[in-house]
Amino acid sequence: MSTSIHELIQWGRRGFSRRRFLHTVSASGLAAGTLGFRDLMSLQAAELRKRHKAVIMLWMNGGPSQLETFDPKPTHENGGETSVISTAIPGVQIAEPWTGIASVLDRCAVIRSFTNKEGNHRRATYQLHTGYVPSGSVKHPSLGSNVAQQIGDENLDIPSVVSIGRADGAGAGFLGVEFDPFFINNPGQRPDNTQMPVAGDRYQRRLNLFDSLQQGFSQRGAEQVVENHNAIYGKAADLIRSPRLSAFELSGEPDSLKKKYGETQFGRGCLLARRLVEEGVSYVEVVSNGWDTHDDNFDRIANLAGQVDPATAALILDLEERGMLDDTLVVWMGEFGRTPRVNGRGGRDHFPRVFNGLMAGGGVRGGQVIGASTADGNDVLDRPVSVPDLFHSICHAIGVDPEFENMSPLGRPMKIVEGGSVVHELFS
């Protein structure tokens, strides 16, 4: 069997997994001795970067109620006062405030059977960001950091991982500061402290002086500290001098489009996410806070939906209209769900046993609902989806091998995600 490089590239563009890619060429290039393993891995990584796959994570910080979002129970007492509306998927209803998402649900896959055990905000958020439960012995890298390491553009002069707002998640962990997320608190404005302090040539002389000072410090036993400093300052210097810095501003966007996204923090964040992905950023998280609805659940979620719903719908349509949706995976979720039974304060408490989310783009087949909860919402009825299953599916969508191993500081190889499998219904 003879396989040309051109054929391998074409197969990669048709969405072959990393595992299948390697298996296919093992009988050709590797056997013939024309491709070494490192050459092969570099070839595939370069192809993935050329295709520019990306993830936009819409993170509902605090744990959104599944009954007031995409898995309402209008005929059961646990459904509370939530009304339902029809959607672009015939026969599928979601909670009333989500009219924008209802109109684009044919581009989305709703998962109603996420299930987990972690009901503590900090632990669950860490797990939903890293794929691992917290451990005192190791700080795991976030999924965004792993994605940047695997398919991020090495020549990109703006960060490959951006978080718009903050969740109590994780950074790059043992992958190092090179893959830490870049935080944006005010989407639509140029990041703080990114104005060139002096003329370009003088700025470069300052950097050279700083480097020479650090060399002496490094020679006195501070190699790792200096290496981290150089990575941080190098990224900052690249960002300040980058022509792509204007991507962080929204002034050039039409007012009509800004209105569709909504003149809110979350709306501006979603529009910025699209702009950053256009510029080559691999992973963007947009955070919506306020979902910990232990009291006044129904009014609070209606208010939150007023910000999140139009922005989410606008993002999906904007990506689609620009031809970006096939290569950009949009994920909407939080760290867990809420109790089906309403408490005495009109709220719902933490509930990891059953929760929901949605995915669009990235090869996901829209117009479907995966899994189901029981009539009272207390248990998964059909097709449970675990956190490792979710991570496998995200990796599959963007061409990353979820079983890729990094060496931890403890000297133990650690996969991007341990266990789980792809939710194949998403892609078939």
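Tutor: Contact means heavy atoms within 4.5 Å. This is a predicted model, in which local features need pLDDT of at least 70, side-chain atom pairs count only at pLDDT 80 or more, and totals for chains, interfaces and linings use all residues. Residues are numbered from 1 along each chain as its sequence is written, and side-chain values use heavy atoms, with hydrogens and water left out.

Student: Which residues in H7 meet H13?

Tutor: Leu143, Val147 and Ile151 in H7 touch Phe391, Ile394, Cys395 and Ile398 in H13. The residues of that contact are 7 nonpolar, no polar and no charged. Nonpolar covers Ala, Val, Leu, Ile, Met, Phe, Trp, Tyr, Cys and Pro; Asp, Glu, Lys and Arg count as charged, and the others, Gly among them, as polar.

Student: At what angle do H7 and H13 pack?

Tutor: About 30 degrees, with the axes of H7 (residues 143-151) and H13 (residues 387-398) 12 Å apart. That makes H7 roughly parallel to H13, a term for angles under 35 degrees. Axes are lines fitted to C-alpha atoms, for helices over the stretch in contact, and angles run from 0 to 180 degrees between N-to-C directions.

Student: Switching topic: where is Asp326?

Tutor: Asp326 is in the loop between helix H12 (297-321) and strand E8 (328-333). Its relative accessibility is 62%, so Asp326 counts as exposed (over 50%; buried is under 20%, partly exposed in between, with a 1.4 Å probe and protein chains only).

Student: What is Asp326 in contact with, beyond its neighbours within four places in sequence?

Tutor: Lys53, Gly362 and Gly363. The C-alpha atoms of Asp326 and Gly363 are 5.6 Å apart, although 37 residues separate them along the chain.

Notes:
Helix = DSSP H or I, 4+ residues; strand = E, 2+ residues; numbered from the N terminus. Parallel < 35°, antiparallel > 145°, perpendicular 65-115°, else oblique.
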